[in-house]
Amino acid sequence: MCIRDSTKFARKYILKANPSLISAQEQLEHNEELIDDKEVQLNEEQVTSFVETVVDNKVQTEKELKVSRLNLAKIFSVAMGIQPYPFLMFVLYFQTFMLYPGIVTRQQLSSVSPGYTIITLIIIQNPFDTFGRYLQNNKSLRSPRSAMIGVSLRFLFFASFLFIVSKPNLPIIGSDPFIMINAALFGMSSGFFTGVLFILAVEKAEPQVKDLTGRIMGLFLTTGITIGSFLALTIKDVGQ
């Protein structure tokens, strides 16, 4: 028996002995009924509030999922619309970071010490990378055909750098002028085609998605850096 029922049972026998307390008992029972009704009302309000909160959260989640699907579909649509430039950007930086800085800085100039060879090659490559970005302003050099051919030809750098590292005593390939010219062309082509691909992609995109186009190109660039850096580990022991 609960406490409230026990209390009511006790009051019943007290009222038999004291009839004058009947009115007070009736008022007390009325007050208890009001309290019970208020508790029920409060519980109903809490349940209703909880249900409304759950429903609102579900609706909000469904809206966010719908927006996410729309955004992914839009990104995919824009990326396909500006091909092949995102793919070429990925290939460009995949090539670059498979060879640089690992293989590139393992070359040895005969005229300087190993430590200064690394510094010399970096000093050569970085300014030529900047020079290549300057050349992108020349519209006569900027075309879809030249971009595709140029990025494809950069695979020849794999042969040149790997030959230099694995067979440094070859008459022409192992000479200092060839090593420096090779590093300069590597840096210049990277800078030039980076700018060209960004420009061509934005020019091909619709006006309302040009900002999104830049982000997509940046995503493919970053992906190329990441995958190229990891795959560079596969050729780290060449020539050793």
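This is a predicted model: local features need pLDDT of at least 70, side-chain atom pairs count only at pLDDT 80 or more; totals for chains, interfaces and linings use all residues.
The side chains of Arg133 and Asp129 meet in a salt bridge, with 2.8 Å from N to O. The term salt bridge is used here for a side-chain nitrogen of Lys or Arg within 4 Å of a carboxyl oxygen of Asp or Glu. Side chains of opposite charge can pair when their charged atoms come close. Both Arg133 and Asp129 belong to helix 4, and they lie 4 residues apart, about one turn of the helix. Helices in this talk (H or I, at least four residues) and strands (E, at least two) are DSSP runs, numbered from the N terminus.

Residues are numbered from 1 along each chain as its sequence is written, and side-chain values use heavy atoms, with hydrogens and water left out.

Asp129, at 16% relative accessibility, counts as buried. The cut-offs are these: buried means under 20% relative accessible area, exposed means over 50%, and partly exposed lies in between, with a 1.4 Å probe and protein chains only.

How many salt bridges does a search of the whole structure find? The search finds 2. Arg142 is buried, because its relative accessible area is 15%.

Let me now turn to the chain as a whole. It has 8 helices and 0 strands, and along the sequence the pattern reads α-α-α-α-α-α-α-α. Of the 240 residues in the chain, buried residues make up 30%.

How do the helices pass one another? The axes of helix 3 (residues 85-99) and helix 8 (residues 210-231) come within 7 Å and cross at roughly 30 degrees. Helix 3 is therefore roughly parallel to helix 8. The axes are lines fitted to C-alpha atoms, for helices over the stretch in contact, and the angles run from 0 to 180 degrees between N-to-C directions. Angles under 35 degrees count as roughly parallel, over 145 as roughly antiparallel, 65 to 115 as roughly perpendicular, and the rest as oblique. Helix 3 passes helix 8 in a right-handed crossing. A crossing is called right-handed if the near helix is turned clockwise from the far one by less than a right angle, and left-handed if anticlockwise.

Helix 3 also has a crossing with helix 5, where the axes come within 10 Å at roughly 30 degrees. Helix 3 is therefore roughly parallel to helix 5, and it passes helix 5 in a left-handed crossing.

Ile227 lies in helix 8 and is partly exposed, with a relative accessible area of 34%.

A cis peptide bond joins Gln83 and Pro84, with omega about 10 degrees, and Pro84 lies in the loop between helix 2 (22-81) and helix 3. The peptide bond from Tyr100 to Pro101 is also cis, with omega near 5 degrees; Pro101 is placed in the loop between helix 3 and helix 4.

Val104 has its place in the loop between helix 3 and helix 4. With a relative accessible area of 1%, Val104 is buried. From C-alpha to C-alpha, Val104 and Phe186 are 9.7 Å apart in space, and 82 residues apart in sequence.

Which residues make the nonpolar surface patch of about 390 Å²? They are Val112, Tyr116, Ile119 and Ile123. Such patches are made of residues with over 30% relative accessible area and no salt bridge, with like charges joined within 9 Å and nonpolar side chains (Val, Leu, Ile, Met, Phe, Trp, Tyr) within 5 Å. The areas come from the Shrake-Rupley method with a 1.4 Å probe, and for residues only the protein chains shown count as cover. Ile119 is placed in helix 4 (residues 114-135) and, at 43% relative accessibility, counts as partly exposed.
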